[in-house]
Amino acid sequence: MVEATTVPPSPKKAAKAATSAFEAAMPKFDIPKFDIPASMEVPAVMREMAEKSVQSAREAYEKMKTSAEETTDLLEDTYSTASKGVAEYNAVALESLRTNVNAAFDYVGALFGAKSVSEAVELSTGHMRKQFDVLSAQAKELSTLAQKVATDTAEPIKASVEKTIKKSV
């Protein structure tokens, strides 16, 4: 029996759907107009204060909404960058593994073809030196790549934090 799997929505689509649902459920802050007798009329100062409060709440909501959308975009960019970097790192690591396995098979084949113990010792010594150099170069390459991936992944976050700090100052 084959099970159908559904693809989850992208974070941006999920955020927009959540925003739409929130806006639909959020009560409107309209002040109802009642026919109030003259003796019970709300003072103009109170009405003005209430209107300012409603306007302030709307502005705060818009700022929060904008901030949430920016954060979602930031997380998508960060995830995309990290995914690409990890894929590149894995490709280099697999290529290194392939190279090392081939070298090991070549060494074993040459070792079986050795005609004397001194030739086998010479092959082993040469193989160890070569593999030490190869492994050192591979470790350096992987280390450099890991550092690049970490830097590239952290860059959008760093830029966002700097932007937020500049906004708040």
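I began with a term: helices are DSSP runs of H or I, at least four residues long, numbered from the N terminus. I note that the model I examined is predicted.

**Entry: salt bridges**

I searched the whole structure and found 3 salt bridges. In general, side chains of opposite charge can pair when their charged atoms come close.

I looked up K148 and D152, whose side chains meet in a salt bridge at 3.1 Å, N to O. These two residues are 4 apart in helix α3, which means that about one helical turn separates K148 and D152. K148 is partly exposed at 41% relative accessibility, and D152 is also partly exposed, at 32%.

I then turned to helix α2, which covers residues 44-112. There, K52 and E48 stand 4 residues apart, about one helical turn. Their closest N and O atoms are 3.3 Å apart in a salt bridge. K52 counts as exposed at 53% relative accessibility, whereas E48, at 42%, counts as partly exposed.

I recorded R98 and E95 as well, both in helix α2 and 3 residues apart. Their salt bridge has its closest N and O atoms 2.5 Å apart. R98 is partly exposed at 44%, as is E95 at 38%.

**Entry: a surface patch**

I found a nonpolar surface patch of about 420 Å², made by L94, L97, V101 and F105. Of these I checked L97, which is partly exposed with a relative accessible area of 48%.

**Entry: Q131**

Is Q131 buried or exposed? I found Q131 buried because its relative accessible area is 12%, under the 20% limit. Q131 lies in helix α3, residues 117-168. Leaving aside neighbours within four places in sequence, I found Q131 in contact with N100 and A103.

Technical notes:
Residues are numbered from 1 along each chain as its sequence is written. This is a predicted model: local features need pLDDT of at least 70, side-chain atom pairs count only at pLDDT 80 or more; totals for chains, interfaces and linings use all residues. Side-chain values use heavy atoms; hydrogens and water are left out. Patches are made of residues with over 30% relative accessible area and no salt bridge: like charges are joined within 9 Å, nonpolar side chains (Val, Leu, Ile, Met, Phe, Trp, Tyr) within 5 Å. Accessible areas come from the Shrake-Rupley method with a 1.4 Å probe; for residues, only the protein chains shown count as cover. A salt bridge is a side-chain nitrogen of Lys or Arg within 4 Å of a carboxyl oxygen of Asp or Glu. Buried means under 20% relative accessible area, exposed over 50%, partly exposed in between (1.4 Å probe, protein chains only). Contact means heavy atoms within 4.5 Å.
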